[in-house]
Amino acid sequence: TQSTRPQRLLHAVQKNATRGDPRSVVKAIDNFCRQKEWAMNVGDEKGCILDSVVSEVNPVTVLELGTYCGYSTVRIASLLPPHAKLITLEFNPDYAKIARQVIAWAGLEDKIQLVEGPSGEWIPKMKEQFGVKTFDLVFLDHWKDRYLPDTKLLEDCGLLRKGSILLADNVICPGTPDYLEYVRNSPRYKSQYFKSHLEYTKVEDGLEKSVFLG
Ligand SMILES: Nc1ncnc2c1ncn2CCCCCNC(=O)c1cc(-c2ccc(F)cc2)cc(O)c1O
Ligand SMILES: [Mg+2]
């Protein structure tokens, strides 16, 4: 039977990355996607912007929406302080299965909780299920038409505090126009655009960093 692209990406990690070395896992995935097959990881160019935001925020609680194969999950978690926790939501069980193995290869299981299911259902359960008070950082990288409704849901569930940071991938390509309009015009956010390129291509894309003002 034919393998899937996520399965081939996992094999590239197991073949080329060192177990327990998250940065070698990130590098192995980027090499696979540049040399063999494009895949929708945030990639190295936007990944460096992600790294700088994570290092600046130094978050204790992180939420990632859209795990895919775990590239940004591993990239973020590799920069977190020891007691910090990252919860990542993935809707697609096949992606989740691969992501768990990529996370295990990186040796980051203790910092990461991968939850399977739709963001709209899980966000309202965060407090009761995972004992989360508020998130210091949210990385949005799931369905592009879910960015806005899920941001409003995070607000309504009291999961954002004054100073919480939202970092959104793909605000240009594929694009999240309603989300951009909201965070750039709402008095409750201070927003900033980081121009970059769609992973592994020359197409314009970028990350939008928005601070929740409370
Ligand atoms: N917990 C949850 N709740 C709801 N949906 C959930 C979810 N967990 C997952 N999903 C479902 C997300 C499926 C993947 C989302 N990402 C994308 O769709 C995406 C697409 C491109 C792309 C760009 C140009 C092209 F020509 C083709 C593709 C690039 C990217 O960086 C992308 O992140
Ligand atoms: Mg993306």
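## The pocket of ligand 1

A pocket here is an open set of grid points, computed over the protein atoms alone, with protein on both sides within 12 Å along at least five of seven lines. In this predicted model, the largest pocket is the space taken by ligand 1. Two elements give two or more residues each to the shell around the ligand: β2 (85-90) and α9 (171-175).

The shell residues split into 9 nonpolar, 5 polar and 5 charged. There are 19 residues around ligand 1, and Ser119, Asp141, Trp143, Asn170 and Glu199 come nearest.

For Phe91, a backbone N or O atom lies 3.0 Å from a ligand nitrogen. For Gly117, the corresponding distance is 2.9 Å. A side chain takes part too: an N or O atom of Asp169 is 3.2 Å from an oxygen atom of ligand 1.

How much of the ligand does the protein bury? Ligand 1 exposes 700 Å² when taken alone, and the protein buries 79% of that.

## The magnesium site

Ligand 2 is a magnesium ion. Its protein donors are Asp141 (OD), Asp169 (OD) and Asn170 (OD1), at 2.0 to 2.2 Å. Along the chain, the donors follow the spacing D-x27-D-N.

Terms used
Residues are numbered from 1 along each chain as its sequence is written. Chains are lettered from A and ligands numbered from 1 in the order in which they are written. This is a predicted model: local features need pLDDT of at least 70, side-chain atom pairs count only at pLDDT 80 or more; totals for chains, interfaces and linings use all residues. Side-chain values use heavy atoms; hydrogens and water are left out. A residue is near a molecule or strand if one of its heavy atoms lies within 4 Å of it. A polar contact is a pair of N or O atoms within 3.5 Å; within protein, one must be able to donate a hydrogen and the other to accept it, and residues adjacent in sequence count only if both atoms are side-chain atoms. Accessible areas come from the Shrake-Rupley method with a 1.4 Å probe; for residues, only the protein chains shown count as cover. On a 1 Å grid over the protein atoms alone, a cavity is a set of points where a 1.4 Å probe fits but cannot get out, and a pocket is an open set with protein on both sides within 12 Å along at least five of seven lines; lining residues have an atom within 4 Å of a point. A molecule sits in a cavity or pocket if more than half of its atoms lie within 2 Å of its grid points. Helices (H or I, at least four residues) and strands (E, at least two) are DSSP runs, numbered from the N terminus. Ala, Val, Leu, Ile, Met, Phe, Trp, Tyr, Cys and Pro count as nonpolar, Asp, Glu, Lys and Arg as charged, and the others, Gly among them, as polar. Donors are N, O and S atoms within 2.8 Å of the metal (3.2 Å for Na, K and Ca); water is not among the atoms, so sites may look incomplete.
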